[in-house]
Amino acid sequence: MVMNEILEIIEQDPKKDPSEIALLTGYSEKEVQTRIKELEDSGIIRKYKAVIDWDRVGEEYVYAIIELKITLGDRSGYDTIAHRIASFSEVRSIRLISGDHDLSLTVRGQSMKDVAFFVAEKIATLDQVQSTVTHFVLKTYKEDGVPLFEQEKSRRLAISP
Amino acid sequence: MTYVKKFLSDKIKTVPPSGIRKYFDMVIGMDDVISLGVGEPDFVTPWHIREACIYSLEKGFTSYTSNSGLIELREAISDSFHNDYGVDYNPEDQVLVTTGVSEAADLALRAVVNPGDEVILHEPCYVSYKPSIILSGGTPVPVSTTRDNEFRVSGEQIEAAVTDRTKAIILSYPNNPTGAVMQKQDLEEVADVVMEHDLLVISDEVYDKLTYNGKHTCFSSLNGMEDRTILLNGLSKSHAMTGLRVGYAMGPPGLISAMLLIHQYTMLCAPITAQMGAIEALQNGEAEMQAMVREYNRRRRLFVTGLNRLGLDCFEPRGAFYAFPSVESTGMTSSQFAEELLHQQKVAVVPGEVFGQCGDGFLRCSYASSLDELKTALEKIEEFLS
C-alpha cells in the first residue's frame with residue numbers, strides 16, 4: 001500500500017522530492033526515502049525518464065514498429081533471441097506478443113534508410129528470424145500514457161455551490 | 001420591474017437570495033483567477049463514460065425513458081448499494097433516477113412536507129436545502145455545528161431542535177462545505193432520536209465515495225432506519241459527471257412512488273444520454289474513480305497541511321473535497337478575507353456564512369484542483385497574509 005502509493009506518484013512525476021511525497025502521502029520523509037531506496041535497489045523502479053515530444057524539437061528521426069516471426073533453435077527459447085535483439089541500442093522496446101508474429105520491437109533511427117538497413121543487416125540476418133514486417137511511424141499521439149496533443153481547457157465556472 | 005413584482009407568489013418572496021451569487025459576480029470578468037471556489041471535480045468525466053454517452057447518441061437513444069429511469073441503470077444503482085453497504089433496494093419500486101441530487105432533494109421535501117412542518121438541517125450545509133424546504137411549504141430549523149465537534153451534528157442537538165411539528169431531518173455527510181464526516185456511532189445517535197420521535201431522514205450522501213481514512217456509513221444501513229430514510233446520491237462527484245445531471249433517490253416504495261408522481265409531472269425523466277453514461281460509470285468506472293479518490297487524498301494532505309502552516313486553523317476534513325479553515329487568526333471576517341484575497345491575489349474562495357450563519361469565520365476552499373494550482377494558491381495566500 002505504501003509502496004503503490006509512492007510508485008503512483010513517482011510514475012506521474014519522477015521529479016517530486018521525498019519531502020513533497022511525504023506531504024502527499026502522510027508518511028514521514030524518512031520513511032519515503034527508505035522506501036524509494038528499497039524500490040530502486042530491488043529493481044522495481046528501473047529508471048527515471050522524461051516523456052519528450054521529439055516532433056516539437058524538430059529533430060529528424062524515424063520510428064518504426066517491427067514485427068518478427070521467430071523459429072526457435074534447438075536449445076534456446078524466446079528469451080535468448082529477445083535479449084540478443086534488445087542489446088542493439090537502436091531498439092527502444094521489445095515485446096513477446098501473441099498473434100501472427102512473435103516479437104514486436106520499436107526501433108529509432110535517423111532516417112528510413114537507416115532503419116531499413118538496420119533491419120536488413122542486423123535483424124533479418126539472425127538465424128532464428130524467419131520474417132520481418134516493418135511499419136514506419138508517421139505520428140505519435142500518445143506516449144507512455146501521456147497525450148502529445150493539446151488538451152481542452154477546463155470549462156468549470158470559478159464559483160459554484 | 002417593480003410593476004411585474006406584483007405577480008410574484010408570496011412564497012418566492014420569502015426565499016433568500018443565494019449568498020454565493022455575489023462572489024460569482026465578482027469573479028466574472030476577472031482573468032487568471034485560481035479558483036478554490038468550485039463545488040465540482042476538476043477532472044473531466046472519464047473517457048469511457050463520455051464515449052458511452054456519444055455511442056448512445058449514435059445508436060439513436062434520444063427518447064424519453066421510463067419516469068423512474070432506465071431499468072438497467074436502476075439495477076446498477078441497486079447492485080452498487082448492495083455491494084458497498086449491504087443495503088437492498090428493489091430497482092422496480094425503490095429507486096428513482098433524477099436530474100441531479102438537487103432535484104431528488106426537492107422531490108423528497110415536496111413529497112413529505114405539509115405547510116408548517118419543520119425540517120431540521122445542520123449548518124453549514126449545501127445552499128439549496130433551506131430554500132427547498134421553504135418552497136415545499138415547510139419551516140427550516142437550522143442546527144449549528146461547530147469546529148470543536150469537527151462539524152458533526154450530535155443526537156443531542158437534534159433532540160433539542162425537535163418539536164411537535166418536526167417532520168424530517170436533512171443529513172448531508174460527507175459534508176459540503178466543511179469536509180466533515182460522521183462515523184457509524186455518530187449516526188447511530190441521530191438514529192436513536194429519529195426512532196424516538198418518529199421522524200424521517202433525508203440523507204444526501206453524494207460524497208460517499210470521497211472519504212479518506214475510513215469507509216462511509218450509509219444511513220439507511222443502520223438498524224431500523226431503512227424504512228425511515230430517503231437516501232439521495234448521484235454520480236456527479238464520484239464519477240466527475242456534474243454537468244450530466246444524474247442523481248437518484250432510494251427509499252421505501254410508498255415514499256419513492258410519491259416522489260415519482262411529482263417527478264413524472266415536472267421533470268418527466270432524467271436525460272437519456274446521461275443515464276446511458278451512468279450505466280457505464282457504475283458497471284466499469286470503479287478503477288478510474290479510485291484513482292481520482294487517491295489523487296484527491298494527496299491534494300487534501302498537501303492543502304490542509306499548507307493552510308495550517310499559514311496559521312489558518314483547519315481540522316482534518318475526512319470527506320468530499322473541501323477544506324474549511326478558520327480565519328480567526330487574521331482578524332478579518334470571512335467575507336472580508338474572501339473579497340480582499342480575490343482582489344489582491346486573484347484567488348477565489350467562498351466565505352463560510354454562505355452555507356449558514358455558523359459558517360461565519362471560516363472559508364470553503366475546494367481542493368479539487370491540480371497540485372500545482374493548489375501550491376500556487378497557498379503561495380498567494382501566504383503573500384496575502386504577509
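How many residues of domain 1 of chain B are in contact with how many residues of domain 2 of chain B?

Mentor: 34 residues of domain 1 of chain B are in contact with 36 residues of domain 2 of chain B. Contact here means that the C-beta atoms of two residues, placed from the backbone, lie within 7 Å. Keep in mind that this is a predicted model, where local features need pLDDT of at least 70 and side-chain atom pairs count only at pLDDT 80 or more, while totals for chains, interfaces and linings use all residues. Residues are numbered from 1 along each chain as its sequence is written, and chains are lettered from A and ligands numbered from 1 in the order in which they are written.

Now find the two domains. Domain 1 of chain B takes in 4–45 and 287–385, and domain 2 covers 63–284. These bounds come from an automatic or database domain assignment. The centres of the two domains, taken over C-alpha atoms, are 24 Å apart.

Look at the side of domain 1 of chain B that touches domain 2 of chain B. Both α11 and β9 (322–323) of chain B supply at least two residues to that side. Of the elements, α11(B) gives the most, with six residues. That side divides into 19 nonpolar, 10 polar and five charged residues. The classes are simple: Ala, Val, Leu, Ile, Met, Phe, Trp, Tyr, Cys and Pro count as nonpolar, Asp, Glu, Lys and Arg as charged, and the others, Gly among them, as polar. The names of helices and strands follow a rule too: they are DSSP runs numbered from the N terminus, with helices being H or I of at least four residues and strands being E of at least two.

Stay with α11(B). This helix covers residues 286–309 and packs with helix α13(B), residues 371–385, at an angle of about 5 degrees, their axes 10 Å apart. An axis is a line fitted to C-alpha atoms, for helices over the stretch in contact, and angles run from 0 to 180 degrees between N-to-C directions. α11(B) and α13(B) are therefore roughly parallel to each other. The cut-offs are these: under 35 degrees is roughly parallel, over 145 roughly antiparallel, 65 to 115 roughly perpendicular, and the rest oblique. From α11(B), Arg299(B), Leu302(B), Phe303(B) and Gly306(B) meet Leu371(B), Leu374(B) and Leu378(B) of α13(B). That contact is made of five nonpolar residues, one polar and one charged.

Next, move to a sheet in chain B. This is an open sheet of seven strands with mixed pairing, in the order β2-β8-β7-β6-β5-β3-β4. At its edges are β2 (95–98) and β4 (139–144) of chain B, each pairing on one side only. Ignoring direction, neighbouring strands are turned by 20 degrees against each other on average. Two strands pair if DSSP finds at least two bridges between them. Take β5(B), residues 166–171, and β6(B), residues 200–204: they pair in the parallel sense over four bridges. In that pair, Ile169(B) stands opposite Val201(B) of β6(B).

Follow the chain on from β5(B). The loop between β5 and α8 (184–196) of chain B holds Pro174(B). A cis peptide bond joins Tyr173(B) to Pro174(B), with omega about -10 degrees. Pro177(B) is found in the loop between β5 and α8 of chain B as well. Asn176(B) and Pro177(B) are joined by a cis peptide bond too, with omega about 20 degrees. Another loop, between β7 (229–234) and β8 (247–250) of chain B, contains Ala240(B). Phi of Ala240(B) is near 50 degrees, a positive value in a residue other than glycine. Why point these out? Most residues other than glycine have a negative phi, and most peptide bonds are trans.

Last, a glance at the partner chain. 11 residues of chain A are in contact with 20 residues of chain B. The side of chain A that touches chain B has six nonpolar, three polar and two charged residues. Chain A itself is divided into domain 1 (2–41) and domain 2 (56–139). The C-alpha centres of those two domains lie 35 Å apart.
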